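Dear colleague,

Please find the structure below, as a handover for your work. The notes that follow it set out what was found.

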Amino acid sequence: MGRAFEFRKERKFKRWSQMSKVFTRLGKEIVMAVKAGGPDPANNTKLRTVIQNAKGASMPKDRIEAAIKRASNKDEKNYEEIVYEGYGPYGVAVIIETSTDNINRTVANIRSYFTKSGGSLGTSGSVSFMFTKKAVFRFAQKDLDIEELELELIDHGLEEIAENEGEIFAYTEFEDFGKMQKALEDKHIEVINADFQWFPSTTVELTEEQEEEINKMIERLEEDDDVNQVFTNVA
């Protein structure tokens with residue numbers, strides 16, 4: 001699970017960097033977090049997590065503060081988080097996480113991306129049963145003993161831990177996100193990024209040409225301002 005996640009994450013960050021949209025998406029997450037739980041990160045776990053992710057993505061402090069201030073304005077539009085599911089070409093299962101202030105626009109765009117790629121947008125639950133949603137925490141390895149850390153975090157929901165290029169990835173069940181977040185905070189481990197990922201229970205093997213076609217579809221989806229993350233069951 002770990003290696004596949006690390007590859008997808010690295011590839012996605014590269015695309016986001018090229019599109020220069022990561023700050024905009026983080027800004028939307030800040031707005032949603034503030035509207036859901038208030039502007040004080042000390043009393044708003046979700047906001048604290050988003051701010052932590054924003055810092056990990058090198059989002060300027062003044063831009064973070066501006067997003068919080070903007071979200072506190074009652075006139076600021078809110079966003080709704082919606083998950084779309086469907087099949088891409090070659091029977092590839094696709095899950096798309098979005099946050100939108102216009103559902104009609106978003107669903108129309110998502111459907112068009114599927115159609116143009118030879119796939120089809122499905123209904124809720126049409127492919128998600130083939131995936132498991134996990135919480136993933138990423139932080140610097142520094143001088144941490146990964147074996148010792150693994151033993152310490154098992155009681156807090158840790159399922160798997162992996163190291164890659166000086167960073168550690170800790171995986172938990174979706175429901176154990178809060179437990180793991182608190183455990184890492186108590187250990188004064190500075191998390192670079194914490195979010196949720198969909199991991200396929202089974203994968204499909206594609207040729208290089210077929211995978212390139214799927215990647216083009218993913219890129220179209222991720223270029224949409226309403227789309228946050230895209231997951232597939234490609235091996």
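A residue is called buried when its relative accessible area is under 20%, exposed when that area is over 50%, and partly exposed in between, with a 1.4 Å probe and protein chains only. H188 is exposed by this rule, because its relative accessible area is 73%.

The model is predicted, so local features need pLDDT of at least 70 and side-chain atom pairs count only at pLDDT 80 or more, whereas totals for chains, interfaces and linings use all residues. Residues are numbered from 1 along each chain as its sequence is written, and side-chain values use heavy atoms, with hydrogens and water left out.

H188 lies in the loop between α7 (177-186) and β7; helices (H or I, at least four residues) and strands (E, at least two) are DSSP runs numbered from the N terminus. Most residues other than glycine have a negative phi. H188, although not a glycine, has a positive phi of about 60 degrees. K142 also has a positive phi, near 45 degrees, and is placed in the loop between β4 and α6 (146-153). K142 counts as exposed because its relative accessibility is 64%.

Strand β7 (residues 191-200) is mostly covered, with 9 of its 10 residues buried. Strand β4 (residues 131-140) runs antiparallel to β7 and is joined to it by 9 bridges; two strands pair if DSSP finds at least two bridges between them. V136 stands opposite D195 in β7.

An open sheet is formed by 4 strands in the order β3-β1-β2-β8, with antiparallel pairing. Its edge strands, β3 (120-121) and β8 (227-232), each pair on one side only. Helix α5 (residues 103-116) packs on this sheet and touches β1 (80-87), β2, β3 and β8, contact meaning heavy atoms within 4.5 Å. Strand β2 (residues 93-100) is joined to β8 by 5 bridges, and T98 stands opposite V227 in β8.

Finally, the axes of helix α2 (residues 22-37) and helix α3 (residues 45-56) come within 9 Å and cross at roughly 165 degrees. Axes are lines fitted to C-alpha atoms, for helices over the stretch in contact, and angles run from 0 to 180 degrees between N-to-C directions. L26, E29, I30, A33 and V34 in α2 meet K46, L47, V50, N53 and A54 in α3.

Yours sincerely
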